[in-house]
Amino acid sequence: MLKKILYTLLTLVLLIVIAVAVFLYTKKPDYQGSAPLKGLTAAVEMYYDDYGIPHIFAQNEEDAMMALGYAQAKDRLFQMELLSRIATGRLSEIFGKDLIETDQFYLSLGIAENSQYLTQNADTTTVYFKQSQAFLKGVNTYIDQETKPIEFHLLGIQKRHYTMEDIYNVFGYMSFGFAMAHKTDPLVSAIQDKLGPEYVKNLGLNIDPQTSLIKTYPADDALAISQSISYIEKMKPIPSFIGSNSWVVGPEKTQNKKVIFENDPHIGFSQPGTWFEAHIKTPQMESYGFYLALTPYPLLAHNRQLAYGLTMFENDDIDLYVEKINPANKEEYIYGNTFKKFETRTYTIAVKDADSVRFTVKDTHRGPVINPVVPEVKTKQPVTMYWVYLHRPNRLLELVYGMSRAKNLDEFKQYPPLLHAPGLNIMYGDADNNVAWWASGHLYKRANNAPTKMLLDGSNPENDSIQYLPFSENPQAINPAWHYVYSCNNQPDSLMSKRYVPGYYLPQDRAKRVVQLLEAKNNWTQTDMEQMANDVTSSVYSDLNQMLLTQINKATFTDLERNAYKKLVIWNGQATQDQIGITIFNQFTYEYYKAMLEDELGPEIFMQLLNTHMGKRLFEPMMRGKYDIWTDNIKTPAQKETQADIQFKAFKNAVAKLEKKLGSDVNQWNWGKVHTVEHKHPFGEIKLLRSYFNVGPFPTDGTNEVLNNQIFDFTDVAEMNVKGGPSTRRIIDFSNVEGARAILPTGNSGNFLSKHYKDQAQLYLKGQYIPMLINETNIKKSKSKFVLNP
């Protein structure tokens, strides 16, 4: 009898295992076979290469766009769903109450209403609208015909068709993701409220013309707002846009006398990664591109004739205002000598396993009141947001279409002026030996020179006076006399705009390194560029390290401190996994910031400032003795600290912190032990699922503000885990376009059952690349062929 029971149980277990295996097998993306796609005029062939990148061959562009939508949905449907939900406030519906604040915040911005307006008022006769509809048809056909991804089952997501509004919502989210003002402006106001204007002057808000500038060429409550927005950004299951590198080198500086193009946008790491890679070829056009999920045109692309890419401009395109309420009517706000009435929008947010949440957003003529989505704000005065994205004509769809279809420089340069927001550096190189860069976005200035990096007085109409500038005043360079263009999110010079464009620029470190390397020789090759993109040498750390070594007093060192000091003496300024000096210097950097700033700012404002762009720009000038107002510790009135005192204290604290974390043997303080990267899937928060859905953790080379920019936030526990970095690296040498190469951080598929979910991860960590195939004969040798039939 016992044997019979055991046999029955084993049979049941086996049947369950088989059922699960069959279920999972049906969830794997199919890269071989065929499927019908109604609306095609002819069969479309898709060849998947060794890394799961689809190469789409169609007889016309609309057929190609349908196939692209189908292919994108096959590998990125869950990611599409997340991106479609964020602007419409529907993340809580699948993830629960932890995302309520995120939903409220993004709904309050008004992106969804703007997308609805753009869809309703779209010119449906344009080529890009028709092609976008074709793309959506491909996406929705896949949804109708194929099985749901496993994430849909686990979260209870029902299938639905996507629309033009979803595409515009992705663009809106992208635009806001590039902005910095909403995180920084309230912080500056909080510092002024706490310490006064003299300290604000010592935050590096003004431009230092002695740093590396991109050369143009003619052709409390405030704190609570900043903290809450940073928290919302961390909670959302979609990566943030952070920074980027790009350089395009003219034929005068290359060995083969043709342009070489490089681009690596820096974005928060996640799984799946940001970009879906695909190649399209029709008799009319060809494009090898990198796409955001649920978008029909690539933001980064090349063909045999030209290449383009993007970095963040970092210009200021958001202003925040403190409004004054009419004391006789709380539904009105004061504007000069009159009153204006708040408009309202009311939403009901569905919440998984909880009651729905209803909330109302108030709007002024400038934009939304953000207080209701920042619960820490205690003031009764509304804070409103003016955002360029919602106030200027939106031609983003036309822009990305035009760039992807341009055939030469004359055609391409029509499109950068169309970008209103976000501000982006559009980088360009071509087979005709042209190099170009446009800092694109609608730039403006306030007529009364209002301090836009702080909260403005909303009751003063003069603070509304705005002048948008002609695109000819945007920083830009076409075929400059120095034979290259570059951008590393640093400040452009003032030649074109006649002023320094206000923004939230990153420090000069990467820019300085690019200029150092490019100026050093005139025989660049593709291999050189691939190595340069993985460079881990800081352009400033070596100098600052030498300053530290000469300034601190070694007489009172403990043995451990003396050993740590010796490691800094022999450190070469590089950030590889085996290095020890970078571990000590980065921990010193945190302790130095803390010793300089925390006594005045307090722990909350200090931590909030530390990891902003503004905070990052402070380190080098403070080490060099600038902004000296921060040096003396106000908590020790009997002593006036010097830079040497602060650096000595910071070094000792760094050694103590690392001993606690890594032990007393300095030889074991390798960078790879504290600097690791993990590409996180929303399901990776569940311990049981982490190893299946997350990719990593891995020790990694790189650090903040080197070319291999592996970005981390400083914390108090000596952990420097990577949160973002190069979301792809691309190199195109126009002397051999068929040899162009790129890499993704994990893989091209967002389906964890696909063999292409993480097949590029180890190559990426090693600084290697894979081919971007465009040779039709070689592509069609692939055995992974999928045909879409009419």
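Colleague: How many salt bridges does the structure hold?

Modeller: Side chains of opposite charge can pair when their charged atoms come close. The structure, a predicted model, holds 33 salt bridges. One of them joins the side chains of Asp-166 and Arg-160, with 3.1 Å from N to O.

Colleague: Are Asp-166 and Arg-160 buried or partly exposed?

Modeller: Buried means under 20% relative accessible area. Asp-166 has 6% relative accessibility, so Asp-166 counts as buried. Arg-160 has 24%, so Arg-160 counts as partly exposed.

Colleague: Which parts of the chain does the pair of Arg-345 and Asp-363 link?

Modeller: The side chains of Arg-345 and Asp-363 meet in a salt bridge of 2.7 Å, N to O. This pair links distant parts of the chain: Arg-345 sits in strand β14 (residues 343-349) and Asp-363 in strand β15 (residues 357-363), 18 residues apart. Arg-345 and Asp-363 are both buried.

Colleague: Which residues do salt bridges with shared partners join into one network?

Modeller: That network is made of Glu-45, Lys-281, Glu-776, Lys-780 and Lys-785. Within it, the side chains of Glu-45 and Lys-785 meet at 3.2 Å, N to O. Glu-45 is partly exposed at 23% relative accessibility, and Lys-785 is partly exposed at 31%.

Colleague: Now a helix. Which residues of α5 are buried?

Modeller: In helix α5 (residues 111-120) the buried residues are Ile-111, Ala-112, Asn-114, Ser-115 and Leu-118. Looking down the axis of α5, these buried residues fall within an arc of 160 degrees, so they line one face of the helix.

Colleague: What do the buried residues of α5 pack against?

Modeller: They pack against the helices α4 (100-109), α8 (164-177) and α12 (388-391), and against strand β16 (383-387).

Colleague: At what angle do helix α17 and helix α18 pack, and how far apart are their axes?

Modeller: Two packed helices are described by the angle between their axes and the distance between the axes. For α17 (residues 541-551) and α18 (residues 559-570), the angle is about 140 degrees and the axes are 10 Å apart. Angles over 145 degrees count as roughly antiparallel, and α17 and α18 are therefore oblique to each other. Their crossing is left-handed. On the α17 side, the contact is made by Asn-545, Leu-548 and Leu-549, and on the α18 side by Tyr-565, Leu-568 and Val-569.

Colleague: Where is Ile-370 found?

Modeller: Ile-370 lies in the loop between β15 and β16. Its relative accessibility is 0%, so Ile-370 counts as buried. The C-alpha atoms of Ile-370 and Thr-384 are separated by 5.9 Å, while the two residues are 14 residues apart along the chain.

Colleague: One more residue. Is His-302 buried or exposed, and with which residues is His-302 in contact?

Modeller: His-302, found in strand β8 (residues 300-302), is buried, with a relative accessible area of 2%. Neighbours within four places in sequence are left aside when its contacts are listed. His-302 is then in contact with Ser-287, Tyr-288, Ala-307, Arg-730, Ile-732, Val-737, Ala-740, Met-772 and Ile-774.

Terms used. Residues are numbered from 1 along each chain as its sequence is written. This is a predicted model: local features need pLDDT of at least 70, side-chain atom pairs count only at pLDDT 80 or more; totals for chains, interfaces and linings use all residues. Side-chain values use heavy atoms; hydrogens and water are left out. A salt bridge is a side-chain nitrogen of Lys or Arg within 4 Å of a carboxyl oxygen of Asp or Glu. Buried means under 20% relative accessible area, exposed over 50%, partly exposed in between (1.4 Å probe, protein chains only). Helices (H or I, at least four residues) and strands (E, at least two) are DSSP runs, numbered from the N terminus. The arc is that of the directions from the helix axis to the C-beta atoms. Contact means heavy atoms within 4.5 Å. Axes are lines fitted to C-alpha atoms, for helices over the stretch in contact, and angles run from 0 to 180 degrees between N-to-C directions. Angles under 35 degrees count as roughly parallel, over 145 as roughly antiparallel, 65 to 115 as roughly perpendicular and the rest as oblique. A crossing is left-handed if the near helix is turned anticlockwise from the far one by less than a right angle, and right-handed if clockwise.
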